[in-house]
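These are my notebook entries on one protein structure. I began with its surface and then turned to its aromatic rings.

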Amino acid sequence: MERNGSGSRALFPKGPSFTLDDFSNKDFIVRDFVDSLAENAVSQNRRSGAAQQAFDPKPLIRAFENALEGLGSLSEELQEKESELLTQVRRAEIQHDQTLDTLGRKLDQSITQFEALDVTLNNPSTNDRGSRGEAGGNIAVQIGEKLEELDRKRRRALDANFLIHCWLQVSETGELTSLQDIQRQGGSENKVRCAVIAHQLMRISQRLDPASWNQTNGQQRNGTTNGANGTEISHNTREILEKFCETLEQDLLKQFNNSYRKQNFDDMMECAKVLHDFNGGASVIAVFVNQHQFFIDRDQLITDEVTMDGETWDQLADPDAEPPGVEPSLQSLIDEVRIIMQEESFIIKRAFPYYETVLIKFIQRIFQQSVQQRLEMVLEKASTISSLAFLRSLHSSRTYIGALVEDLKSHGLTEHPEPCSVQIAQTLDQQMEELFVPYMMGNSYIDREKKSLEELFNSLLFRFNIYHSRRKKVPTGFMASLAQRTNQLMESAKDAYLERLESSDLTPTQKVMMLRVAQVQETDKNKNEIEVSEEEGHLSTANAKRMMTWLAESVRRTLELGSQSDTPKDVAILLNLLMTHMGQVYVESALEAALERATSQENAKSEPDLSYLPSIRPAVTITSIMSRFISTVLIRLAESNTTVRRSMEAQAKVGIEGIERKTNSVMKSSMDVIINWVTKSLAQQKKLDFVPKDELDLVESLQTATCTSICLFLSRCTKLLIQSIDGQNLEAFSSELALALQRLIFEHFKKFKVNATGGLMVTKDIAKYVATLKEWPLSKDVEAAVELLTEIGYLFIIGPEALRERGRNLATGAAGSTKKLGKADFKAFIQSRDDARSVGVQSVLAGL
């Protein structure tokens with residue numbers, strides 16, 4: 001087979017060639033490298049043969065062998081380079097260690113030298129390091145102080161030189177060119193320096209140019225000789241300096257205002273510092289406070305009317321309605337003040353170095369101008385409505401403003417989020433107190449409360465007082481003298497109400513309220529002659545609760561508005577008002593009326609009317625409510641003043657005991673009325689009621705007429721007693737009354753002859769009496785005594801043998817007991833039998 005071009009090619013193709021850079025490439029991939037070797041070997045073989053040539057591995061073997069040889073040579077080359085690099089690294093590490101050792105020795109030497117220098121400076125006389133703490137002088141500090149002192153002297157010399165230069169300018173030329181140049185440079189330090197130098201020039205002018213300070217306005221001067229150096233001063237230095245200071249101050253204030261509008265707090269702080277050094281900061285504080293938009297807007301709105309509508313004012317004047325709260329325009333102002341104070345305190349802290357002083361001025365301006373003016377308008381409007389409306393407005397305003405003060409304290413204002421400082425807190429408290437001083441001075445406030453309550457109480461009790469002033473009084477005797485003081489108080493309360501209605505200073509709203517509470521019509525010309533019903537003369541627990549509600553509201557206002565030191569005295573005044581109107585005028589008047597009615601019927605010829613008894617229960621209830629309120633509220637509020645508290649306790653005790661005595665007198669007199677009427681009714685018992693001639697009389701009636709009338713009367717009394725008293729009081733009264741009636745009935749049946757048929761009548765009467773008395777709640781002993789009455793009936797219907805048996809169980813003693821009959825009573829009842837002279841009955845009597 002013939003080879004073409006054998007003369008131009010080697011027998012075996014040259015292997016692939018590559019370097020280290022080929023393997024250092026980031027895109028190198030082993031598989032691609034192997035594929036390229038195989039591709040090169042196969043592609044050469046394909047070019048030299050036919051298309052269907054068999055696979056020949058030799059080219060591949062030669063290619064891979066050549067590649068391995070190249071890779072081997074490269075590996076050897078790499079190992080040589082690695083060895084060389086390791087050698088260089090070892091040399092560098094040795095050199096690095098040597099460098100570190102050298103630097104360490106040098107550092108130790110530096111530290112040793114520094115310590116030696118320190119010892120030398122602190123204690124030149126010794127080199128002992130342990131004595132450094134006891135060194136007497138510090139040379140470095142002394143040197144620093146001397147340098148600072150020299151620097152201060154240098155600055156003072158420069159300032160003095162500049163000050164003299166400025167004085168020569170103003171006194172000789174009438175100009176302040178150098179000072180104006182510093183002013184034009186700007187900056188807080190330059191402005192402060194201008195202010196200081198201007199003040200110093202003013203003092204120099206006072207000493208060296210006294211003529212300009214003694215010169216009157218409009219007077220001319222030809223020249224003044226300086227006493228120090230003989231220099232003639234031809235210009236009015238005072239006028240020039242004052243104009244410069246005024247210009248400087250106005251420029252600073254203008255700059256401050258511009259910075260405030262731009263919220264440039266840093267520039268505001270600089271201006272405030274300069275003006276503080278210039279004139280104590282009074283002008284910038286005044287500008288900040290007086291030109292604040294809040295005051296400008298509020299000054300325009302201060303003439304606005306109070307915005308509460310008529311219905312709300314009526315509610316405020318209505319004692320039975322809940323107070324509507326603070327007036328809307330005042331509430332709006334307080335809410336706006338809360339927001340403004342919190343926002344402006346942030347600005348004040350960033351704009352003023354003496355921010356507490358500015359904040360105090362701002363607080364004073366807000367309270368003394370805006371809040372005070374609006375508060376005065378609200379209270380003035382409330383005073384034209386009614387005294388109660390004024391008190392409620394005063395209380396709601398104080399409460400709302402007090403809440404504002406507490407919110408500002410907790411917010412912290414300039415100290416936010418911490419609570420505000422002690423000085424700011426004191427300022428807030430002081431401003432709030434000063435707002436209400438005109439209304440709280442002396443006894444002005446408690447007098448208003450007392451007057452308002454008196455008007456309400458007199459209005460509510462007017463018809464009650466009218467009724468009792470017209471009732472028929474006992475003309476003479478002990479009861480008339482006892483009720484004299486109460487009648488005087490009642491008449492005084494009625495007259496006070498009528499006089500107040502005709503008063504010229506009574507507002508229309510208050511007049512309508514007083515008429516409504518008193519249930520009197522405006523059309524009634526002579527209100528002292530109005531018609532009143534008997535019901536209006538009775539006690540009403542609902543009215544008492546209204547009075548207590550009004551008083552409780554007044555106590556609450558007094559407690560929250562008044563000072564703690566005045567609280568005992570104030571509640572003592574309210575206690576006296578309560579005891580007078582509710583205790584004496586109301587409760588005692590009703591009890592005296594009941595007592596008069598009871599006393600007048602003790603010897604009544606007709607059946608007594610005990611319809612006054614139900615008035616006892618409301619009297620007891622009202623007294624209980626009043627006593628509880630006094631002990632749990634009023635007395636406790638006066639505990640801080642022992643003298644006042646004891647006086648109040650004594651007054652309350654006397655008043656409550658007086659009511660209790662009158663209540664007991666009514667009940668005792670009522671008991672006498674009942675007992676006297678029963679005694680009179682029993683005296684009307686016919687002698688022959690218990691000795692009927694035939695049994696027809698027994699069939700016609702179950703009880704005698706006397707028994708029936710008495711039991712009906714006692715049943716009516718029972719209903720009235722249940723309506724008047726209850727509990728232990730009812731049991732005690734019923735037991736005492738039942739025991740008295742038991743004795744009357746017991747003695748009553750000893751007076752009559754009784755036959756066998758009449759014995760049945762006695763039994764029925766006694767059973768009715770016992771059943772009637774047992775309707776009452778009785779104690780066990782009294783109930784046993786009442787049950788003893790049933791024994792009397794049996795004594796008239798049983799035979800001698802049964803009598804003999806009962807005679808064995810009699811009580812010992814002459815009087816007997818409440819549970820068993822005594823021998824004397826047993827004998828008296830046996831002798832009342834019509835067969836008392838029979839042999840059997842006589843044998844029983846003989847056996848006793």
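I looked up the accessible area (Shrake-Rupley method, 1.4 Å probe): the protein chain exposes about 47,500 Å², and carbon and sulfur atoms supply 51% of it. I noted that this is a predicted model, in which local features need pLDDT of at least 70 and side-chain atom pairs count only at pLDDT 80 or more, while totals for chains, interfaces and linings use all residues. Residues are numbered from 1 along each chain as its sequence is written, and side-chain values use heavy atoms, without hydrogens and water.

I checked pLDDT, the predictor's confidence in each residue from 0 to 100. The protein chain averages 82, and 85% of the residues score at least 70. Over residues 1–12 the pLDDT stays under 50. Where pLDDT is low, the predicted coordinates should not be read in detail.

I found that 41% of the 848 residues are buried, meaning under 20% relative accessible area (1.4 Å probe, protein chains only).

I then searched for aromatic pairs (ring centres of Phe, Tyr or the six-membered ring of Trp within 6.5 Å; planes under 30 degrees apart are stacked, over 60 edge-to-face, the rest tilted). The structure holds 14 of them. Phe288 and Phe362 form a tilted pair because their planes stand at 45°, with ring centres 6.2 Å apart. Phe288 is buried at 4% relative accessible area, and Phe362 is buried at 0%.

Phe746 and Phe829 pair edge-to-face, at 5.3 Å centre to centre and 90° between the planes. Both Phe746 and Phe829 are buried.

How values were computed
Contact means heavy atoms within 4.5 Å. Buried means under 20% relative accessible area, exposed over 50%, partly exposed in between (1.4 Å probe, protein chains only).
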